[in-house]
Each structure stands twice: as structure tokens, then as C-alpha cells.
Amino acid sequence: MIDQLGIGPGDAVLQVGAGEKAYHSIACAVRGAKVDIVQPDYWIEEDKTNNISQHDYLVESIKHRRGYSIDAFGKDLIGDRIDTENYRGYIQDVNIPTNRYSYVFLLNILDSVVAELHRQTVINSGNSKFLMAFMAMRLQQSISDVEIIKKRVIEVVLSSCKDNVTVLLSTKPGRVTYLQKETRFFKNHAEKLGYTVEEGRVFNTEFNDIVEELIVTRNREETHTLLKGYDFQKQRVLSGYI
């Protein structure tokens, strides 16, 4: 996929929520692109009690791949082209540079927020029918908050990009309808902000993701900011990646 996208030297790539492995970031770096990774240091495991340091795993994964390239090819193919240190937090908090990136990987991010809410509804209800009904009501109230968060992520991402950028959205196999829904969500909000969005290719990657390519063009120098002053602090539990 990276070859088909034409990513190479001179490109600046943003990956939001690389997780522990950063396969796509490593592939971009090997091809000569500079990559900035944005994500919090920790994510909450399924039981919601154990904080896992995805940053430590991420750094170790890159180190391992660097060692592999040295052993296999006699040189470090990754170099210093992946920044894992400067943007260790939520994307709306870490002062991402503006007008910098020509490619953005937003993989398994937007659809994970609602999925996490559904999971929390079941966990918090303890399978009680009464509590399930109560939590379902709370879930519906939270959906609007989730949409605000997702819109804010889109705004920050687009403000960091060049006038013409390729944005890549993805989901896991079996969740194609989520990808279609999130593509529409991204496209609708981006167009309100003054961008044109064209749907491009769909990739089935070797990393077991389904990835859709969006070609995004800024139509106006000054785009609208629809959301101001929203309290993101209270929403941190919703997702480990935003």
C-alpha cells in the first residue's frame, strides 16, 4: 500500500494512534518519509483497570525493526525519521504543526470511539436489564459528545495538513459498514470546513486492515472552526487514541 500511495523522500506523514507496532510508520520511514506519531503514552485494557504503556512497546518495536534492517541489509533503513517523542498525548493537546503533512494515517481511530462506548455500556450494566436500559439512555446522550470529539479530531488533523493531502481511514475486517459510515462523517465535516473530499482507492493491507484513501483539498485559506471551548478533559475515557 505504501508503494502504491507513492510515499517517499520529502513527504511528511502524520500517524494518529499508531498503537504498539507502527508498521505503517516504519514502512514510510524506510521509504525516506519523515513520520510524526501522535498518541497518549497509555491505553486502558479491556477490564478498564490496567494502563498499558503503548509508548514503551512502540519504541521497542521500532528498535527491533531497526535491528532487523541492519542485520538483513547492513544498514539502518529507518534512521531518525520517526518522531515518537514530541507528540505524546491527545492530538488536540499536543500543538501539532500547521500546513505540514501530505499524508495522514487515521487508522481504526474514528470508529473506535462508539465501539468503546458500547463496550462500556455492557461492562457498567453488569448484564442487568434495568441497568442496561439506563446505560443505553446514557449512551445515547454520550453519542453527541462523541461526535463533537470526532469533529474536533478532524479539524486538528486538517489544520496540520498541506492544501492537498491524502487521508487514510481504516477499520478491521467485518466492520466495513463502520468504515463507510466514518468516511461519510469525515467527508461531511471536512466539506463544512471548506475542503473538497474525493474517495479514492480501497486497500486490503498485509496488516489485516481495510484502508480507504481520501484525497482532501483545501478550498479556502481560512476554514471554519465549528467547535470552540468544548471540555475535552471529561471525555478522556472514551478512547485511548484521541
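How many of the 11 residues of strand β7 (residues 161-171) are buried?

**Ground rules.** I am working with a predicted model, in which local features need pLDDT of at least 70 and side-chain atom pairs count only at pLDDT 80 or more, while totals for chains, interfaces and linings use all residues. Residues are numbered from 1 along each chain as its sequence is written, and side-chain values use heavy atoms, with hydrogens and water left out.

**Entry on β7.** I found that eight of the 11 residues of β7 are buried, so the strand is largely enclosed by the rest of the structure; here buried means under 20% relative accessible area and exposed over 50%, with partly exposed in between (1.4 Å probe, protein chains only). Strands (E, at least two residues) and helices (H or I, at least four) are DSSP runs, numbered from the N terminus. I count two strands as paired if DSSP finds at least two bridges between them. Strand β6 (residues 101-107) pairs with β7 in the parallel sense over six bridges, and I noted F105 opposite L168 of β7. With strand β9 (residues 210-218), β7 pairs in the antiparallel sense over eight bridges, and V165 stands opposite V216 of β9.

**Entry on β2.** I then turned to strand β2 (residues 34-38), where four of the five residues are buried. Strand β1 (residues 12-16) runs parallel to β2 and is joined to it by five bridges, and V13 has V35 of β2 as its bridge partner. Between β1 and β2 the chain passes through helix α2 (residues 23-30), and this β-α-β crossover is right-handed, a term I use when, with the strands pointing away from the viewer, the path from the first strand over the helix to the second runs clockwise. Strand β5 (residues 82-83) also pairs with β2, in the parallel sense over two bridges, and V35 has I82 of β5 as its bridge partner.

**Entry on A33.** Which loop holds A33? I placed A33 in the loop between α2 and β2, and its relative accessible area of 0% makes it buried. Leaving aside neighbours within four places in sequence, A33 is in contact (heavy atoms within 4.5 Å) with I7, G8, P9, D11, V13, C28 and R81. I also looked up I78, which is 45 residues from A33 along the chain, and the C-alpha atoms of the two are separated by 9.5 Å.

**Entry on α6.** Helix α6 (residues 176-192) has 17 residues and reaches 25 Å from its first C-alpha to its last, close to the 24 Å expected at 1.5 Å a residue, the expected span being 1.5 Å times one less than the number of residues. I listed L179, E182, T183, F185, F186, H189 and A190 as buried in α6. Seen down the axis, the buried residues of α6 fall within an arc of 165°, so they line one face of the helix; the arc is that of the directions from the helix axis to the C-beta atoms. On the face turned away from that buried side I found the exposed residues T177 and K192. After α6 comes G194, whose phi is positive, near 100°.

**Entry on the whole chain.** I recorded six helices and nine strands in the protein chain, and 48% of its 242 residues count as buried.
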